[in-house]
Amino acid sequence: MTSISGKTDIDWTAFAADLAPVEVISETVLVKKRSRDFFWYSPVLNAELKKCFGDLVARPKTPEEMRHCLAVAWKYKSPVVLRGGGTGNYGQSVPMDGGLIIETTAMNRILETGDNFVRVEAGALMADINAALTPRGREMAMFPSTQDIATVGGFVAGGSAGIGSVANGALRDPGNLIALRAQSVEKVPQEHVFEGEDVLQIHHAWGLNGVITEVTLRTVPARDWVGCLATFETYEAAYAAGYQLAQATDIGRKLVTTVDARICSYFPRLEGHIRPEHHLLVSLLPSEDVGRFRTLIEEAGGHVDLTLTEEERQTAKLPHVFDFSYNHTTLQVLKADRSATYQQVGCPVPPDPAAIADLRPKLGEDVWMHHEFARVGGEIVTFDLPIIWYTTPERLAEINATYEENGFPVYDAHTWRVEGGGLKNADYRHLAVKKRMDPDGLLNAAKSAVWESVKDLSPEEIAAKGAE
Ligand SMILES: Cc1cc2nc3c(=O)[nH]c(=O)nc-3n(C[C@H](O)[C@H](O)[C@H](O)COP(=O)(O)OP(=O)(O)OC[C@H]3O[C@@H](n4cnc5c(N)ncnc54)[C@H](O)[C@@H]3O)c2cc1C
């Protein structure tokens, strides 16, 4: 078997034989397909990553099979990239150095549903976990809008927040991510347990410092959720109402999203259901709170266009309202026009509708705002995932600079390095754990711009750099 990536000189036929009895996928077209994620949202990443492929895919079904995959990878000193549903947006699961892709989706058992937690294997789909919790009247404290294809391991390693975060905080907030099990990559891979604050040693490390095999998450009571869509004359009014709703103590909302009217014109499934050319507020709230929601929206100058119980939604054959939130909003536009892209931007805290109104004309006609409201560290924050009509790298840099100059930090969505995007700076705690768990640097190492400069230090020396 030759090297599909063109970057390794491993005997992949012998490697595949050594992996037995683990299922392998070696057909070039399938390996190439599993080397991609949703990086194509970014024209910058698309140009850089579309020709990066792995060499072989393994699909372990149990933690024991996972351990075997990692031992074989160590034996051949093969680069390894973990893959769940492959819905990451920054090429997190793209094998930059070729090598083995380990797809976790066959390792998907729901192991335990307790009173206020769920313990699952890393490859379990988020939607399947919620379905398993329903009979107990529980649900996950948050889930990404990709729940139908995203795995819990991928969410923990690559995600950060989602539907539920406006009520229950980000994944990293204390108590949301209760425990993790992760395996090392060495001659005999070991399984380590991370609990309490220690889960942050692995969370959002893009799978470069340990292979998550099991996750324990907080659950919350399930409610009779109603999808609500309200519209406003101005974006400022929609954002101000969103902030009021996010803060409301008498409305149990688990999603608050505001979307520029121009983006809504790319939502054909909502045509006839929302007022055209109006700015949209999207929410999910318990049925008993819909009356209070109506009052809040009307007092804020808006109009409630649609409320849908889950049963009504299914009868009307409409999508979930969260298909118009988070990065699904971007996806709706991209379905119609691939010249769109997006960015990830923080906003001043507390949210300030006047600052948003002031910034909009400065950004220009090629930037259309979309905000998500979340609770981080107990405080309501918003972040902007705008549609950007991409022309050149220079114009993108100019848009980023306008945001930053006005006090809106950009967490660049157009970089495949873990330090360049959501983290902004190097996370030496992650890298110290990498040195312990993956001393040979086989796990997704290219994704860290800093690893190369610290890989010969001891874990303690790497950790100490974080304190400098
Ligand atoms: C339309 C759309 C909407 C989105 N909405 C949200 C959202 O609401 N909230 C949010 O946070 N993100 C969102 N995302 C990003 C992404 O979907 C989520 O982060 C998702 O949870 C990733 O899960 P996955 O199984 O697809 O992970 P993958 O894309 O397969 O992997 C993500 C990262 O985790 C690593 N990884 C996977 N499994 C393991 C494992 N077992 N051990 C160690 N590392 C592992 C991979 O190597 C990779 O670095 C969205 C993306 C899209 C395209």
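Mentor: Start with the record: UniProt, in an unreviewed entry, annotates residues 50-222 as "domain: FAD-binding PCMH-type". UniProt positions are in the numbering used here, feature names are shortened, and annotations may be inferred rather than shown by experiment. Residues are numbered from 1 along each chain as its sequence is written. Also, this is a predicted model: local features need pLDDT of at least 70, side-chain atom pairs count only at pLDDT 80 or more, and totals for chains, interfaces and linings use all residues.

Trainee: How much helix and strand does the span of residues 50-222 hold?
Mentor: Helices (H or I, at least four residues) and strands (E, at least two) are DSSP runs, numbered from the N terminus. Residues 50-222 are 19% helix and 27% strand, and the end C-alpha atoms lie 40 Å apart.

Trainee: In what order do the four strands of the open sheet come?
Mentor: Two strands pair if DSSP finds at least two bridges between them. Here the order is S1-S2-S4-S3, with mixed pairing. The edge strands, each pairing on one side only, are S1 (23-25) and S3.

Trainee: Are the residues of S4 buried or exposed?
Mentor: Count the other C-beta atoms, placed from the backbone, within 10 Å of a residue's own: 20 or more is buried, 12 or fewer exposed, in between partly exposed. In S4 (residues 100-103), Leu-100 and Ile-102 point one way, Ile-101 and Glu-103 the other, and all are buried.

Trainee: Which residues come nearest to the ligand?
Mentor: A residue is near a molecule if its C-beta atom, placed from the backbone, lies within 6 Å of it. Of the 38 residues around the ligand, Gly-84, Gly-154, Gly-158, Gly-159 and Gly-207 come nearest. Elements giving two or more residues to this shell are S3, H6 (152-158), S10 (211-221) and H12 (326-336). H6 gives the largest share, five residues.

Trainee: Why does the ligand lie between domain 1 and domain 2?
Mentor: Domain bounds come from an automatic or database domain assignment. Domain 1 (12-103) and domain 2 (225-405) both give residues to the shell, so the ligand lies between them.
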